[in-house]
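I opened my notebook today to look around a new structure, one spot at a time. Come along and check each entry against the picture.

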Amino acid sequence: LATCEEKDGRRLVGLGFAPPGEGEETGGIPDAPVAVLGCRLDVPPMGDPRLRRFLLSCAAEACEGGILGYFHPRLYQAPGSLVARPFLALCDMPADVPHGISDGDEGGLAATGRQGPLRLVFQDDWEEIGAMARRLVQAWAGQGIAVEAVPMGRWHARQAVARGAFHLFILASSIPADPCYLGTSQMYQTDGMCNYTGLSSQIVDDAFWRIRRASEGDDLRAAATQIDSAICEAAAALHLGQLDSGKRRTEHASATGEPITIRPITMDDVSYGVCGCVSPWHCVYPYPRVRMSPSYPFWSEMIQAHGTMGLLAFQGDTCAGMITFLPKIVARRIGYATCRTNDQLERTLSIICINVGRTELRKGRASALLRAAEDYARANGYVRIEAFAAEEEADEQRLHWQSAGLFARHDYKRDPDTRGPWWTPQLFYRELV
């Protein structure tokens with residue numbers, strides 16, 4: 001059986017990347033942050049491929065062609081790669097496609113004027129994306145198509161696209177050299193967790209299946225070209241260019257100084273995915289389609305049974321933190337660490353996670369969430385709270401872990417009989433009555 005590293009190496013060499021040298025790792029090619037202009041295919045009038053092709057051709061011309069395809073940009077610079085040739089540019093519009101469609105047609109270019117401007121959301125934490133959005137709006141206006149551009153934070157923008165609130169989007173995507181993880185495959189496969197265009201193509205799915213199952217010596221360049229051509233033909237998206245990581249603004253900078261407000265997690269939140277293992281948006285991962293999240297059945301069942309299973313903290317319009325909890329009897333049944341005592345078993349609330357994202361600590365968000373959880377517990381008849389915590393704060397704990405120091409500062413007692421999984425060094429509790 002091949003190891004994951006061996007499979008990665010096969011795919012990279014098969015796609016046309018230079019093979020790693022002796023002692024080099026297959027993951028030596030850094031991920032490329034890329035600005036992706038996409039069309040939401042299921043939002044009228046974007047179902048018309050002529051409209052999509054015209055919009056993307058204008059964008060390709062305004063951005064000087066963009067990236068040649070949809071894989072890691074370095075692939076198109078690799079010598080001997082089949083996809084290194086000039087890609088079928090989106091700006092090559094067929095001559096028989098008019099720039100206007102009669103009022104009797106559904107959707108299309110004329111419909112954009114009748115229904116008001118198209119709406120474009122763009123990720124506002126990259127200076128380059130904002131500049132691209134303004135350039136494209138101007139280029140489209142020059143062709144008689146009005147487009148309204150709306151800036152949003154990266155996860156709010158994805159949630160808005162998933163809900164069908166926009167026709168077009170420009171999002172930053174980190175594309176690894178191996179397309180079979182969180183890269184091109186997840187962006188364009190039918191069930192990809194980052195497929196915000198809604199593209200569904202059997203050609204693309206089959207080609208990725210072949211790449212994913214590559215054997216030693218397989219030439220995968222034809223499969224990559226097939227994927228590029230199919231996405232281009234569908235006029236679903238255009239990769240505008242590679243981004244400069246140094247020009248990205250600090251996350252949550254717009255929320256600095258705003259008061260913290262807290263609300264329960266609702267069914268509307270979990271319908272688009274609450275995922276405790278990815279959690280770039282405080283565990284609420286914005287899946288591209290409703291109820292697509294694998295954790296949706298569990299979260300929806302818990303909310304229906306218990307009202308909610310967590311709280312979100314906001315500063316302005318920015319989600320700045322999250323706390324999740326479960327009744328102890330449920331937490332114990334599904335394997336979370338709990339105190340061994342059975343006293344007040346059905347009236348104990350177990351805190352699962354406190355998450356304040358990739359931001360500075362000691363800003364009061366975790367404390368505010370913890371106090372709000374205590375208020376929720378008292379209001380719902382709980383008399384005790386338990387929590388598990390890491391011994392020390394570390395970078396990864398800012399994403400998924402709460403530290404022991406947080407609970408000590410809030411007068412939680414350390415359970416002397418701590419017993420749980422190896423990654424649960426401390427258990428804490430507090431009597432609310």
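This is a predicted model: local features need pLDDT of at least 70, side-chain atom pairs count only at pLDDT 80 or more; totals for chains, interfaces and linings use all residues.

I then looked up where Asp 411 sits, and found it in the loop between helix H14 (404-409) and strand E11 (413-414). Its phi is positive, about 65°, although Asp 411 is not a glycine. I noted this because most residues other than glycine have a negative phi.

**Entry 1: Ala 235.** Next I turned to another residue with a positive phi: Ala 235, which is not a glycine either, has a phi near 50°. Ala 235 lies in the loop between helix H8 (221-234) and E5. Is Ala 235 buried or exposed? Its relative accessible area is 0%, so Ala 235 is buried.

**Entry 2: the sheet.** From that loop I moved on to the strands. In what order do the 5 strands of the open sheet stand? I read the order as E3-E2-E4-E1-E5, with mixed pairing. From one strand to the next, the twist averages 30°.

Of its 6 residues, 5 are buried, so the rest of the structure largely encloses E5.

**Entry 3: the partners of E1.** I followed E1 (residues 32-39) to both of its neighbours. With strand E4 (residues 168-175) it runs antiparallel, joined by 8 bridges. Here Leu 37 is opposite Ile 170 of E4. With E5, E1 also pairs in the antiparallel sense, over 5 bridges. On that side, Gly 38 has Ala 237 of E5 as its bridge partner.

**Entry 4: a cis bond.** Where is Pro 45 found? I located Pro 45 in the loop between E1 and H2. The peptide bond that leads from Pro 44 to Pro 45 is cis, with omega near 5°. I marked it because most peptide bonds are trans.

Definitions and conventions. Residues are numbered from 1 along each chain as its sequence is written. Side-chain values use heavy atoms; hydrogens and water are left out. Two strands pair if DSSP finds at least two bridges between them. Helices (H or I, at least four residues) and strands (E, at least two) are DSSP runs, numbered from the N terminus. Axes are lines fitted to C-alpha atoms, for helices over the stretch in contact, and angles run from 0 to 180 degrees between N-to-C directions. Buried means under 20% relative accessible area, exposed over 50%, partly exposed in between (1.4 Å probe, protein chains only).
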